[in-house]
Amino acid sequence: MPPYDLVLANGTVLDPSQRLHAVADVAIADGRVAAVGPALPREEAARVIDVSGKLVTPGLIDLHAHVYWGGTSLGIDPDALSARAGVTTFVDAGSAGAGNIRGFRRHLIERARVRVLPFLNISYAGIFAFSRQLMVGESVDLRLLHVGEAVRAAREHGDLVLGIKVRLGLIAGEGRGIAPLHLALAAAEALGARLMVHTDMPPPTRREVLPLLRPGDILTHAFRPFPNGPTVDPGVTGRVLPELWDARSRGVVIDIGHGMGSFSFESAEACLAAGFLPDVISSDVHALCIDGPAYDLPTTMSKLLVLGMPLDRVIAAATVAPARAIGRPDLGTLRAGAPADVTVLDDRAGTFSFMDVTGRTMHARRRLVPVLTVIGGRPLAAEDGGSG
Ligand SMILES: [Zn+2]
């Protein structure tokens with residue numbers, strides 16, 4: 001028996017969890033990372049894939065996606081997207097609530113090839129009415145935001161559920177202001193769990209929301225356009241909201257969550273100019289933005305790279321940082337013994353254009369293109385389809 005099932009040979013290994021950025025081989029055995037180092041014994045491997053000139057990173061973790069395909073209108077098929085996007089773990093941001101988490105688990109999570117880890121929506125029905133024709137926010141009717149049911153369901157699925165998700169704002173919770181946040185916090189506190197918070201148009205304003213977030217809670221859609229953008233005034237002023245700096249300093253996780261309405265170049269430029277980088281980059285990919293402007297996680301990562309965020313920080317924001325944010329230090333790393341989830345990316349030169357949610361276009365000479373995705377030691381071809 002050869003000691004290794006697979007060696008990814010000669011790539012540039014970029015693993016921020018180990019501060020590793022060097023040409024090396026990655027060896028895999030029994031579904032786990034066996035070794036990372038220069039010139040590992042390839043002749044003893046069952047399979048060797050030459051990845052010279054490519055970036056080899058821990059498997060990408062998309063901290064904000066919607067993948068309850070078929071069970072919710074906004075869900076996309078995670079297996080269909082994973083190989084193409086280089087994503088080995090999708091965190092579902094509250095597609096399901098207490099009323100339908102069982103179906104999400106049985107019909108999708110347990111069957112998917114890619115790892116899916118859910119936040120539970122504080123609203124009983126999850127995100128139930130989300131299409132181009134019809135939009136009824138799940139936080140509009142406070143009777144649905146039942147703390148007892150959410151706590152019960154989160155406990156029943158305690159091996160899976162990462163925390164509570166709440167969507168606040170004019171779209172998700174028309175007229176309800178800050179009230180849904182208090183109910184979500186009550187559930188999170190009863191569970192001792194983290195909270196992921198979406199804000200869209202005010203009310204509530206971010207300045208009301210941010211002081212209530214606790215260490216370990218996640219603010220998603222952090223770089224959305226105005227209103228409820230990340231800076232004091234619209235435009236490139238560099239004046240990031242003091243409440244946002246305060247939130248970060250007490251350990252609130254700052255996440256991108258691109259989606260169809262939640263990432264503007266203007267907001268991102270203002271934050272990067274002020275030295276306020278996101279902790280986590282995520283796509284918020286769902287049925288209405290998978291064909292643009294979000295597309296997938298590497299597209300969102302490329303936008304921040306082109307805007308000036310350093311490559312090592314961009315990779316960290318899609319590997320070790322989301323792993324920490326969900327309390328899974330075994331993921332987002334190529335340490336020996338970790339699950340063999342690996343993404344190979346091409347840092348491609350060329351002429352590209354990117355669009356934000358406001359329709360602004362940005363031209364670029366580089367983008368990150370996934371060329372190989374390995375889940376649990378098994379390489380998927382980029383054209384591998386899904387089940388749905
Ligand atoms: Zn979302």
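In the protein chain, 75% of the contacts between residues at least 6 apart in sequence join residues at least 24 apart; two residues count as in contact if their C-beta atoms, placed from the backbone, lie within 7 Å. This is a predicted model, so to speak of local features takes pLDDT of at least 70 and side-chain atom pairs count only at pLDDT 80 or more, while totals for chains, interfaces and linings use all residues. Residues are numbered from 1 along each chain as its sequence is written.

As for overall build, the protein chain holds 10 helices and 17 strands (DSSP runs numbered from the N terminus, with H or I over at least four residues for helices and E over at least two for strands). Its C-alpha atoms fill a box of roughly 65 × 45 × 40 Å along the principal axes. Buried residues, those with 20 or more other C-beta atoms within 10 Å of their own C-beta, all placed from the backbone, make up 56% of the 388 residues.

Then there are the domains, whose bounds come from an automatic or database domain assignment. Domain 1 takes in 6-57 + 336-349 + 363-380, and domain 2 covers 59-325. Their C-alpha centres sit 28 Å apart. Where the two meet, 18 residues of domain 1 are in contact with 21 residues of domain 2. On the domain 1 side, β15 (342-355) and β16 (361-375) are the elements giving two or more residues, and β16 gives the most, with eight.

Notes
A residue is buried if 20 or more other C-beta atoms lie within 10 Å of its own, exposed if 12 or fewer, and partly exposed in between; C-beta atoms are placed from the backbone.
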